[in-house]
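Hi,

Here is the structure I said I would pass on. Have a look at it first, and then read my notes below.

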Amino acid sequence: MTRATNYHEPPLWAMRSTRDRCRIVGQARHELARSADQLIRKSHSDQRRDDAETVASELIPLCDALLWIARHGPRQLADRQVGLAGRPMWMWGVRSVVQRQPWGKVLILGAWNYPIFLAAVQTAQALAAGNQVQLKPAPGTTAVVAEWVDAFRRAGVPAEALQLLDSTTEAAKNAIDEGVDLVVLTGAASTGRAVLRQTSEQLTPAIMELSGVDAVIVLGDADHHRVINAIRFGLTFNSGASCIGPRRVMYVRGRDEPPWVDELVACLSVCPPVIVHPAARETVVGMITAALDAGSVDRIGRFDPAELRRSGAMHPVVLTRVPDDHAVLQTDLFAPVLSLLPMDSLDATVAQVNDCRYRLAASVFGSANAAATVAGQLDVGSVTINDLVAPTADPRLPFGGRRESGFGVTRGPEGLLAMTTPRVISTRSGRIAPHLSPRRDTDAELLTGVMQWNHGSGFRERIAGLRRLTSAVRRRGRVKQ
């Protein structure tokens, strides 16, 4: 589809100064604070019953991100001057500036598990960069999304800069067909594939923030009390519907099973049931059933597929003896499902993480030095040492995955810049412009001499280059005479 573009009339929002846009976006946090009770109320669902979770995982991190944009956005988005320092010698007289330009129209496809924080930070960064935003909420989240969108508008974001679409799949498809300049999706890998098939027809760039099957690596010197509490928190938080929740717990096997394993199972056994989102229930039932049929053991033993299908209620499931090649170890499940994986060695543990098709995040528990060594070997988007989930709320940090966990980043300075595309303007001053002169026989010798003088290895090679350079200059002088 051909898009008509009027290059003479950029959107009024994009014409505002970067500082003004960041200031307005930052002011939205005041409106969110005023609307906190309404946002909490409209976030209520079968999966989200704890008001403290809404405040801690969505509202506070969002307001922190908006404050970061207000304070640091203008500097991050400022023009970068490229002057004398490091300039190649043949670029004499050239100065350049790298500008961060908005993509234009950004389509943001929201997720159901965190309907405020995820899409709102992406929206804020896109707006601060000068884009127009089309926002499609996930089904069932329209009321709460409309509430925070209204807060943005009360803060001064014009209606034409932030458009709220309906929650249907058709709304997203139509928006892409009508023409957008960037698509940002937070969702499952299957949804990512569907979106990319459509965007590929128009070569529309995309940022894919997709699912994870995150690993927890427990080293021998880990604080077991911290391990148990962190896994309980990460597994049950938001009813188990966190893309960076723990799904695989790995440890090097010994003669006996570590005592913390029994303690972890006992801790999770007394956790109350959660309500699994309807979109995830059938996959969860099918995957756990298949794992049990393949010889896996549920250490808690309270899995009830009929009840899960009927009401969504589910107690935590802790699987052991899972076959190495079973799909449950490489499937994004938005439910409290955990697999315990004793490994032969630490090298095998690292390889298991890096070979998984989902590589969003991982956690390592152990002494600082040992955990940092392991963390440096993991090919994932983010690694947390001695904690789970919570550090990703830091507004200074980018967030993104590898392979089927997506590509590109949102949040942090890198996420803000991802909402822009660079434009370079170079200006040559002065009368020296050798490349505009007619070609001469000595040009190749002169240029080779310049290259060797600048990039030769060692004094002798550089001197040889200088000799070629001066020889070519002499020959050129004789030709002129």
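Let me start with serine 239. You will find serine 239 in the loop that runs between helix H9 (224-236) and strand E9 (246-252). Helices (H or I, at least four residues) and strands (E, at least two) are DSSP runs, numbered from the N terminus. Serine 239 is buried, at a relative accessible area of 10%; buried means under 20% relative accessible area, exposed over 50%, and partly exposed in between (1.4 Å probe, protein chains only). Serine 239 also has a positive phi of about 60°, although it is not a glycine.

Before going on, a word on where this comes from. This is a predicted model, in which local features need pLDDT of at least 70 and side-chain atom pairs count only at pLDDT 80 or more, while totals for chains, interfaces and linings use all residues. Residues are numbered from 1 along each chain as its sequence is written, and side-chain values use heavy atoms, with hydrogens and water left out.

Arginine 411 is another residue with a positive phi, about 70°, although it is not a glycine. Arginine 411 sits in the loop between strand E19 (406-407) and helix H15 (412-418), and is buried, with a relative accessible area of 7%.

Now the cores. A nonpolar core here is a set of buried Ala, Val, Leu, Ile, Met, Phe, Trp, Tyr and Cys residues joined through side-chain atoms within 4.5 Å. The largest one has 63 residues, and Trp260, Val284 and Met314 have the most contacts inside it. What does methionine 314 touch, leaving out residues up to four places away in sequence? The list is Pro273, Val274, Val276, Val284, Ile288, Leu308, Ala335, Pro336 and Val337. There is also a second, separate core of 49 residues, which includes Ile69, Ile116, Phe117 and Val149.

Threonine 142 belongs to helix H6 (residues 142-154). It is partly exposed, with a relative accessible area of 32%. Apart from residues up to four places away in sequence, threonine 142 touches Pro137 and Ser167.

On to the charges. Side chains of opposite charge can pair when their charged atoms come close. The structure holds 20 salt bridges, a salt bridge being a side-chain nitrogen of Lys or Arg within 4 Å of a carboxyl oxygen of Asp or Glu. Here are three of them:

- Arginine 34 pairs with glutamate 31, with the closest N and O atoms 2.8 Å apart. Because they are 3 residues apart in helix H2 (residues 18-34), about one helical turn separates arginine 34 and glutamate 31. Arginine 34 is exposed, with a relative accessible area of 57%, while glutamate 31 counts as buried at 15%.
- Aspartate 344 forms a salt bridge with arginine 253, and the closest N and O atoms are 2.9 Å apart. This pair links distant parts of the chain, 91 residues apart: aspartate 344 is in the loop between strand E14 (337-343) and helix H13 (346-355), and arginine 253 is in the loop between E9 and helix H10 (259-269). Aspartate 344 is exposed, at 62% relative accessible area, and arginine 253 is partly exposed, at 45%.
- Aspartate 394 and arginine 396 meet through their side chains in a salt bridge (2.6 Å, N to O). Arginine 396 is exposed, with a relative accessible area of 55%.

There is a network too: salt bridges link Glu31, Arg34, Asp150 and Arg154.

Last, a helix pair. Lys173, Ile176 and Asp177 in H7 meet Val195, Gln198, Thr199 and Gln202 in H8. The axes of helix H7 (residues 169-178) and helix H8 (residues 189-202) come within 10 Å and cross at roughly 15°. Axes are lines fitted to C-alpha atoms, for helices over the stretch in contact, and angles run from 0 to 180 degrees between N-to-C directions.

Best wishes

Definitions and conventions
Contact = heavy atoms within 4.5 Å.
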